[in-house]
Amino acid sequence: IADRREGIGVCGWILVSLSFLLVLISFPISIWACIKVIREYERAVVFRLGRILSKKAKGPGLILVLPCADTFIKVDLRTVTCKIPPQEILTKDAVTTQVDGVVYYRIHSAVSAVANVTDVHSATFLLAQTTLRNVLGTQSLSQLLAGREEIAHSIQAILDSATEQWGIKVARVEIKDVRIPVAMQRTMAAKAEAAQEARAKVVAAEGEMNASKALKQASMVLVESPAGLQLRYLQTLTTLAAENNSTIVFPLPINMLESLGQKNRGG
């Protein structure tokens, strides 16, 4: 009490006493103007003769405001969604991109949000825009596309430390979309297509190599078993006949023709 009297001075206490007296004289009519309801998600910063009362916020519930002496400001403590519009950014590798994002924050100290900054939401919005441009300007395009989560965490840490004195707690930062020029999109698409074709050729070459190894092993097995070669020959003919072909051309072994020629000469 002594600190409060010293803070507002003698004239201040006289005005406060007159306000109490006015409330008592006009009671019960004045009580309806003095009682304010603060919701669960709100806090009220009460100023008595220009000074914050009790150095802390009031609520939730009913609070008493003296006429002519007290004024109050309501502060919403719910999470606020701050949408950052697309920002023109020049990346580290000199590529122009447009990046937008979303910042989720809430007020954890109503007194700091009212007393330390004029408009806490506008200040947070402008700071988020500036921080987004500054952080992304130090990243290359590949880092920006591949490391969105890490970049978002670094932006969140910077915003959280900068807005701490404003009573703001940054809960989350998300990078929504990264837009690059059409010419760069075509170049990246051509590069990706060439990389896919190169990988496809490598896979095809590996398949040919494996097939040749398998054929080599099969030929070694057939050389060791002539009967197996004949069975394989007949199986191939059966496969061709099953395809409803009108004409089937198959070679005869040379040794068979030679044996027939020898028989004809002998006859």
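I began with the UniProt record, an unreviewed entry, which annotates residues 12-35 as "transmembrane region"; such annotations may be inferred rather than shown by experiment, and their positions are given in the numbering used here, with feature names shortened. Over residues 12-35 I found 83% helix and 4% strand, with the end C-alpha atoms 21 Å apart. Helices (H or I, at least four residues) and strands (E, at least two) are DSSP runs, numbered from the N terminus.

A note on ground rules: this is a predicted model, where local features need pLDDT of at least 70, side-chain atom pairs count only at pLDDT 80 or more, and totals for chains, interfaces and linings use all residues. Residues are numbered from 1 along each chain as its sequence is written, and side-chain values use heavy atoms, leaving out hydrogens and water.

Next I checked the cysteines. C34 is buried at 2% relative accessibility, and C82 is buried too, at 6% relative accessible area (buried means under 20%, exposed over 50%, partly exposed in between; 1.4 Å probe, protein chains only). I counted zero disulfides, taking one as a pair of cysteine sulfur atoms within 2.5 Å.

Then I turned to the nonpolar cores (buried Ala, Val, Leu, Ile, Met, Phe, Trp, Tyr and Cys residues joined through side-chain atoms within 4.5 Å). Which residues touch the most other members of the largest core? They are V103 and L136, among its 34 residues. Its largest share, six residues, comes from α4. Domain 1 (8-74) and domain 2 (77-182) both contribute residues, so this core lies between them; the bounds come from an automatic or database domain assignment.
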